[in-house]
There are 2 protein chains.
Amino acid sequence: MKILLVGANGTLGRAVAAELRVRHELIPAGRRTGDVHLDLADADSIDAALQSVGPLDAVISAAGHVAFGPLLELTDVQWHLGLSEKLMGQVNLALLAVPHLRDGGSITLTTGVVSTDPIRGGASAAMVNGGLESFVRCAALELPRGLRINAVSPGVLLESMHEYAPLFRGFEPVPAARAALGFARSVEGGDTGKTYRLF
Amino acid sequence: MKILLVGANGTLGRAVAAELRVRHELIPAGRRTGDVHLDLADADSIDAALQSVGPLDAVISAAGHVAFGPLLELTDVQWHLGLSEKLMGQVNLALLAVPHLRDGGSITLTTGVVSTDPIRGGASAAMVNGGLESFVRCAALELPRGLRINAVSPGVLLESMHEYAPLFRGFEPVPAARAALGFARSVEGGDTGKTYRLF
């Protein structure tokens, strides 16, 4: 399969690439790295990137920033980051990908454990991730030509514990290679509307 | 209790008012109706409204518009409506209400059945409602002074079936008076971080 992988240079994206590139043709994409450049917060850049790569069998997003911080101290800019990039950025990627996907192709987005398992400091991330999971469940009903859409909700990544450990005390860290299995299952399986929870 | 009810003039809001006004002091609020005016899409107007009413025991939102329509035909304006009003409007109401709530007070927001039960045409509503439910679950961990926050997810309202029936074939309509029970349970009960599903 020919697969566009957005966020290919991130901690999760590199593990997804390692999982999939042995069986598929991967096109790495990112804001400043990869073969194709796009900014999830800029729909025009998403569209241009999709136009440039031609017909695809799968589009994966392992990207999307969101801010963590105390509920009553999160700024408008921090709320906006999650809304414009991880939430609407991934929604726009999904919608704009539709005409570029071959029949039966798939879209896979990334959410995260705080949609279902709350933590202090995670209100913005929870909102974004919960919104994405409900979006995926609903959008699956309307995609044409046998296209599928799923999400992967990884737990806190083992490789990111140096940064996120204080927020996720007691959570079992997930090796990025294990989280990457969710993307293989979405792309190579037959499900649609699902969220794979890797935690 | 002294309760600010945003969206008091809507189908759901009127039923919430009927349920609560027999036991509590209700301050009806709305964009153009009620004793206090505010626009959920305008954080300054929310803040001004809260300032004007003084200390409260509960803030309820039975408001927030969101667009329904075919997944691939929803416009940027339609996506933005749900994001700015029902999603961030209610989040902003919750956050801005905190300093105006007495110890042990409560915040109750409105989501809707499509967060968990997808329908064609509901992708934006699902995203907004799912985001709110995860936000509420997470925000509950950080509210100070015993403040509580919950959501009510009503099914399609019986009183709205003339408008929404084609989207919700086979769904059992919920009388607004039944959905209103969720708000009483949130305000007068002890739960926090919950979503009451009335469908």
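Visitor: What makes β1(A) and β4(A) a pair of strands?
Guide: In this predicted model, 4 bridges join β1(A) to β4(A), and the two run parallel. Pairing requires at least two bridges, so β1(A) and β4(A) qualify with 4. One of the bridges sets A:I3 against A:A58 in β4(A).

Visitor: How do you know that β4(A) also pairs with β5(A)?
Guide: Again there are 4 bridges, in the parallel sense, against a requirement of at least two. Here A:L56 has A:L101 in β5(A) as its bridge partner.

Visitor: In what order do the strands of chain A form the open sheet?
Guide: The 7 strands follow the order β3-β2-β1-β4-β5-β6-β7, with parallel pairing. At the edges stand β3 and β7 of chain A, each of which pairs on one side only. Strand β6 (residues 148-154) is joined to β7(A) by 4 bridges, and these strands run parallel; A:P154 stands opposite A:L198 in β7(A).

Visitor: Which strands does α3(A) touch where it packs on the sheet?
Guide: α3(A) touches β1 (2-6), β4 (56-61), β5 (101-110) and β6 of chain A, and its direction makes about 175° with that of β5(A). Helix α6 (residues 176-188) of chain A packs on the sheet through β1, β4, β5, β6 and β7, with its direction at about 155° to that of β5(A).

Visitor: What is the order of the strands in chain B?
Guide: In chain B, 7 strands form an open sheet in the order β3-β2-β1-β4-β5-β6-β7, with parallel pairing. Its edge strands are β3 (36-37) and β7 (195-198). Strand β6 (residues 148-154) of chain B runs parallel to β7(B) and is joined to it by 4 bridges, and B:S153 has B:R197 as its bridge partner in β7(B). Across β1, β4, β5, β6 and β7 of chain B lies α6(B), at about 155° to β5(B).

Visitor: Why is the relation between the chains that of a two-fold axis?
Guide: Chain B can be laid on chain A by a turn of 180° and a shift of 0.0 Å along the axis, with an RMSD of 0.0 Å. That is the relation of a two-fold axis. Among the residues of chain B, B:G131 comes closest to the rotation axis, with its C-alpha at 1.9 Å.

Visitor: How do you know that the copies meet through the same surface?
Guide: Because 100% of the interface residues of chain B are also interface residues in chain A, the copies meet through the same surface.

Visitor: Which residues touch the most other members of the largest nonpolar core?
Guide: They are A:F135, A:I149, B:F135 and B:I149, in a core of 102 residues. Beyond its neighbours within four places in sequence, A:I149 is in contact with residues including A:A94, A:I107, A:L109, A:F135, A:V136 and A:L143.

Visitor: Why is the contact between A:R31 and A:E85 called a salt bridge?
Guide: The closest N and O atoms are 3.6 Å apart. The limit is 4 Å, so the pair qualifies. A:R31 lies in the loop between β2 (25-30) and β3 (36-37) of chain A and A:E85 in helix α3 (residues 76-97), so the pair ties together parts that are 54 residues apart in sequence. The search of the whole structure finds 14 salt bridges over all chains.

Visitor: Are A:E85 and A:R31 to be called buried or partly exposed?
Guide: A:E85 has 7% relative accessibility and counts as buried, the cut-off being under 20%. A:R31, at 37%, counts as partly exposed, since that class runs between 20% and 50%.

Visitor: What links A:R197 with A:E133?
Guide: They form a salt bridge whose closest N and O atoms are 3.0 Å apart. The pair links strand β7 (residues 195-198) with helix α4 (residues 123-139) of chain A, 64 residues apart. A:R197 is partly exposed at 37%, whereas A:E133 is buried at 5%.

Visitor: Where do the partners B:R23 and B:E188 lie?
Guide: Their side chains meet in a salt bridge of 2.7 Å, N to O. B:R23 lies in the loop between α1 (11-20) and β2 (25-30) of chain B and B:E188 in helix α6 (residues 176-188), so the pair ties together parts that are 165 residues apart in sequence. B:R23 is partly exposed at 42%, and B:E188 counts as partly exposed at 34%. In chain A, salt bridges that share partners join A:E19, A:R23 and A:E188 into one network.

How values were computed. Residues are numbered from 1 along each chain as its sequence is written. Chains are lettered from A and ligands numbered from 1 in the order in which they are written. This is a predicted model: local features need pLDDT of at least 70, side-chain atom pairs count only at pLDDT 80 or more; totals for chains, interfaces and linings use all residues. Side-chain values use heavy atoms; hydrogens and water are left out. Buried means under 20% relative accessible area, exposed over 50%, partly exposed in between (1.4 Å probe, protein chains only). Copies are superposed by least squares on the C-alpha atoms of residues with pLDDT of at least 70 in both. Contact means heavy atoms within 4.5 Å. Axes are lines fitted to C-alpha atoms, for helices over the stretch in contact, and angles run from 0 to 180 degrees between N-to-C directions. A nonpolar core is a set of buried Ala, Val, Leu, Ile, Met, Phe, Trp, Tyr and Cys residues joined through side-chain atoms within 4.5 Å.
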